[in-house]
2 protein chains.
Amino acid sequence: MNKKTQGTQRRDESLSRERIIEAAIEILDSTGESGLTFRSLSEKLATGPGAIYWHIADKSDLLTAACDAIVARTVDAQARDTTPKSGIRKLALGIFDMMEAHPWAGSALIRAGGKMPIVRILERVGPHVDALGVPKSKQWATVSALLNYMLGVGAQNAANTLLARSGEVRRSELLDGVSAAWSQLDPANYPYTRSMASYLLAHDDRKDFLAGIDLILSGIDSGRNTN
Amino acid sequence: MNKKTQGTQRRDESLSRERIIEAAIEILDSTGESGLTFRSLSEKLATGPGAIYWHIADKSDLLTAACDAIVARTVDAQARDTTPKSGIRKLALGIFDMMEAHPWAGSALIRAGGKMPIVRILERVGPHVDALGVPKSKQWATVSALLNYMLGVGAQNAANTLLARSGEVRRSELLDGVSAAWSQLDPANYPYTRSMASYLLAHDDRKDFLAGIDLILSGIDSGRNTN
DNA sequence: ACCTGAACACCGTTCAAGT
DNA sequence: ACCTGAACACCGTTCAAGT
């Protein structure tokens with residue numbers, strides 16, 4: 001009856017930073033980082049590319065904001081009542097799973113500098129490290145180590161899914177390919193990498209990720225005694 | 001006298017993969033990752049963009065090859081006669097310094113997947129880890145942890161120099177900016193990050209990087225006993 | 001076999017003009 | 001204040017044509 005509220009192609013909600021970021025996340029999740037352009041985004045939002053610039057500074061701002069939104073969700077889903085060690089382990093696994101589900105978030109997180117998404121993670125890791133008894137003067141180095149490790153894993157995962165996407169191969173097939181390439185390396189020059197080829201096939205990403213966290217955690221432990 | 005050998009604009013050496021990669025490194029070092037385009041590269045080589053594609057598959061191939069060249073130099077400069085621990089520390093510092101000198105290499109390394117530059121590093125770290133007494137079944141996870149940590153630091157350094165370049169600020173000023181932003185965060189929601197703002201100003205990148213390596217190394221140590 | 005350079009199909013970003 | 005969409009200044013990559 002009411003023509004005004006029927007709306008054909010015209011969006012009913014007005015544009016907003018939140019709506020833009022939400023749409024960006026949908027595009028990133030479905031088509032990856034290369035699928036997100038100001039044209040694809042403005043098409044999804046039924047507007048022009050220029051309109052987005054009223055709410056978003058530039059593409060880097062958009063990526064950081066999209067990343068921040070999912071980091072916030074991940075971090076808020078964490079239980080607060082745990083021991084420091086299990087708190088760190090659970091947080092790390094949460095970040096890992098987040099990066100697995102949203103591969104673009106890994107590279108976005110690394111490019112975010114000291115902005116909000118990093119702050120959110122820092123704000124969770126820090127108190128756990130403090131509760132572990134690490135002296136204030138060493139906390140920055142310790143927290144950095146945990147953070148850098150998580151980011152390194154995430155960024156490499158992101159790179160791998162990117163490679164897999166472009167080459168029309170799945171993640172597991174990509175690992176198969178790397179393993180095969182390694183096993184064909186010159187034994188004289190690359191004996192170690194060759195020997196790792198079979199381990200690469202059998203390994204469990206998530207488990208190895210946690211093993212790295214545990215390595216750092218027990219490094220923190222032994223540091224406390226000799227301090 | 002001899003017009004043929006005087007050569008005006010015309011290059012005398014013919015194009016080759018090596019010459020292209022060498023020129024790419026020069027551009028990357030002087031103008032950063034965004035300065036390297038097939039146009040700028042072909043201009044430096046006094047040829048057309050299409051010519052490069054006869055020797056190089058695509059831009060990702062070019063970046064990986066450029067990265068591999070400087071990783072090879074770094075790794076070859078390492079002394080071989082050291083204890084495992086100091087070997088790992090020296091290698092890690094070598095990689096760190098390399099990434100500081102060539103910020104583009106950090107992101108290139110991360111996007112290289114399991115290709116040559118990674119293999120070179122693996123081939124150095126692996127034997128040290130083996131000599132440390134880590135059982136074969138745990139070596140992949142251990143080597144991965146070290147590698148991921150190094151890549152995480154490098155990629156973040158790369159991102160920071162990129163941010164600094166685009167914003168016309170130097171690296172140190174960027175850190176000042178982050179520190180200032182952190183000290184203005186809401187104390188109720190971000191107390192920990194706020195408290196780290198001052199430490200961020202005083203810290204030493206290289207020292208903290210090494211502290212992280214040492215954390216992992218002593219984690220490996222304590223794992224050996226409870227194994 | 002190797003090189004040339006115009007052309008194609010895109011990008012992020014800007015900006016006069018509208019409402 | 002907010003949106004439109006054409007235009008600008010780029011990209012990576014391809015490919016017919018040359019040598």
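Buried means under 20% relative accessible area, exposed means over 50%, and partly exposed lies in between (1.4 Å probe, protein chains only). By that scale B:R89 is partly exposed, with a relative accessible area of 30%. This is a predicted model, so local features need pLDDT of at least 70 and side-chain atom pairs count only at pLDDT 80 or more, while totals for chains, interfaces and linings use all residues. Residues are numbered from 1 along each chain as its sequence is written, chains are lettered from A and ligands numbered from 1 in the order in which they are written, and side-chain values use heavy atoms, with hydrogens and water left out.

**Salt bridges**

- A salt bridge is a side-chain nitrogen of Lys or Arg within 4 Å of a carboxyl oxygen of Asp or Glu. The whole structure holds 14 of them over all chains.
- B:R89 pairs with B:D214 in a salt bridge, at 2.8 Å from N to O. B:R89 lies in helix α6 of chain B and B:D214 in helix α12 of chain B, so the bridge ties together parts that are 125 residues apart in sequence. Helices (H or I, at least four residues) and strands (E, at least two) are DSSP runs, numbered from the N terminus. B:D214 is partly exposed, at a relative accessible area of 27%.
- B:K85 forms a salt bridge with B:D221, and their closest N and O atoms are 2.7 Å apart. B:K85 sits in helix α6 (residues 84-101) of chain B and B:D221 in helix α12 (residues 205-225) of chain B, so parts 136 residues apart in sequence are tied together. B:K85 is partly exposed at 32% relative accessibility. B:D221 is partly exposed too, at 23%.
- In chain A, the side chains of A:E26 and A:K44 meet in a salt bridge, 3.3 Å from N to O. The pair links distant parts of the chain: A:E26 is in helix α2 (residues 17-31) of chain A, and A:K44 is in helix α3 (residues 38-44) of chain A, 18 residues apart. A:E26 is partly exposed at 40% relative accessibility. A:K44 is partly exposed at 43%.

**Helix α5 against helix α8 in chain A**

- Helix α5 (residues 59-76) of chain A packs with helix α8 (residues 116-131) of chain A at an angle of about 20°, and their axes are 8 Å apart. That makes α5(A) roughly parallel to α8(A).
- Axes are lines fitted to C-alpha atoms, for helices over the stretch in contact, and angles run from 0 to 180 degrees between N-to-C directions. Angles under 35 degrees count as roughly parallel, over 145 as roughly antiparallel, 65 to 115 as roughly perpendicular and the rest as oblique.
- From α5(A), the residues that meet α8(A) are A:T64, A:C67, A:D68, A:V71, A:A72, A:V75 and A:D76. From α8(A), they are A:M116, A:P117, A:R120, A:I121 and A:R124. Contact means heavy atoms within 4.5 Å.
- By class, this contact of α5(A) with α8(A) has 7 nonpolar, 1 polar and 4 charged residues. Ala, Val, Leu, Ile, Met, Phe, Trp, Tyr, Cys and Pro count as nonpolar, Asp, Glu, Lys and Arg as charged, and the others, Gly among them, as polar.
- A:M116 in helix α8 of chain A is partly exposed, with a relative accessible area of 26%. Leaving aside neighbours within four places in sequence, A:M116 contacts A:D68 and B:Y190.

**Helices α6 and α7 in chain B**

- The axes of α6(B) and α7(B) come within 4 Å and cross at roughly 115°. B:M98, B:M99, B:E100 and B:A101 of α6(B) make the contact with B:P103, B:A105, B:G106 and B:L109 of α7(B).
- Helix α7 (residues 103-110) of chain B has 8 of its 8 residues buried, so it is largely enclosed by the rest of the structure. Among the buried residues are B:W104, B:S107 and B:I110.

- A:S42 is found in helix α3 of chain A and is buried at 4% relative accessibility. Not counting residues up to four places away in sequence, A:S42 touches A:T47, A:G48, A:P49 and A:I52.
- The C-alpha atoms of A:S42 and A:I20 are separated by 8.7 Å, and the residues are 22 apart along the chain.
- B:S42 is in helix α3 (residues 38-44) of chain B. B:S42 is buried, with a relative accessible area of 3%.
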